[in-house]
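Here are my notes on this one, in the order I'd go through them. Have a look at the structure first, then read on.

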Amino acid sequence: MKLLAFVAGLLVASTLQRLFLQKGNCQACHGGAGDGRKMDSQMPDGANLRETKLERGDLIVAIKCGRPGRSMPAFDKLAYSDARCYGMKQADLKSSGLSLPDPPATLQPREVELLSDFLFAKIVGKGPMNRARCIEYWGAEVEACGEFPK
């Protein structure tokens, strides 16, 4: 029974990690470990999520609504359709000269919450990446962990 719970936990963790790495493509700007070391030189610099001071609710808003005038896209497809984000509609953004990049994909509300939970479980407040944190984050020693001293 303990083995089944362990395996289920690994599956959930890997699913959430895929949400961060693949569907949201967060690593393109925030780095694969959320430390701000982006993976794509064409993408804007993202915040170091390992050091963010945002609380869960604020992080959820940042993911849903993006950061107008900055490089963080809104992952809620209706974000600026009805003033749910920062009390602004698309016309308000435009009249203020603010823009948002398009997200790689939109996320369902539950996916945003799961992504936030993943970030708090594995990234937010976990300190700078080192070899031990790298192995814990990836679930095994992967090539990326080789850059950290033993």
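1. A word on terms before the fold: helices here are DSSP runs of at least four residues, strands are runs of at least two, and both are numbered from the N terminus. Keep in mind that this is a predicted model. On that basis the elements run α-α-α-α-α-α from the N terminus on, which comes to 6 helices and 0 strands.

2. Overall dimensions: the C-alpha trace spans about 50 × 35 × 25 Å along its principal axes. The chain has 150 residues, and 35% of them count as buried. If you take contacts between residues at least 6 apart in sequence, 48% join residues at least 24 apart.

3. Now the largest pocket, which holds about 510 Å³ of space. It has 29 lining residues, and those closest to its centre are His 30, Gly 46, Ser 71, Met 72 and Pro 73. Helices H2 (27–30), H3 (56–65) and H5 (109–122) each give two or more residues to the lining.

4. Which of its residues are buried? They are Arg 131, Cys 134 and Tyr 137. Viewed down the axis of H6, the buried residues fall within an arc of 125°, so they line one face of the helix. Ala 132 and Glu 136 are exposed, on the face turned away from that buried side.

5. Last, the two ends of H6. At its start, a side-chain oxygen of Asn 130 comes to within 3.2 Å of the backbone nitrogen of Ala 132. After H6 comes Gly 139, with a positive phi near 85°.

Conventions. Residues numbered from 1 in each chain as written. Predicted model: local features only at pLDDT ≥ 70, side-chain atom pairs only at ≥ 80, totals over all residues. Heavy atoms only, no water. Buried < 20%, exposed > 50% of the residue type's maximum accessible area, 1.4 Å probe, protein only. Arc of directions from axis to C-beta. Polar contact = N/O pair within 3.5 Å; in protein donor to acceptor, adjacent residues only side chain to side chain. 1 Å grid on protein atoms, 1.4 Å probe; cavity = no way out; pocket = protein on both sides within 12 Å on 5 of 7 lines; lining within 4 Å. Points joined across faces, edges and corners; volume = space filled by probe spheres on them. Contact = heavy atoms within 4.5 Å.
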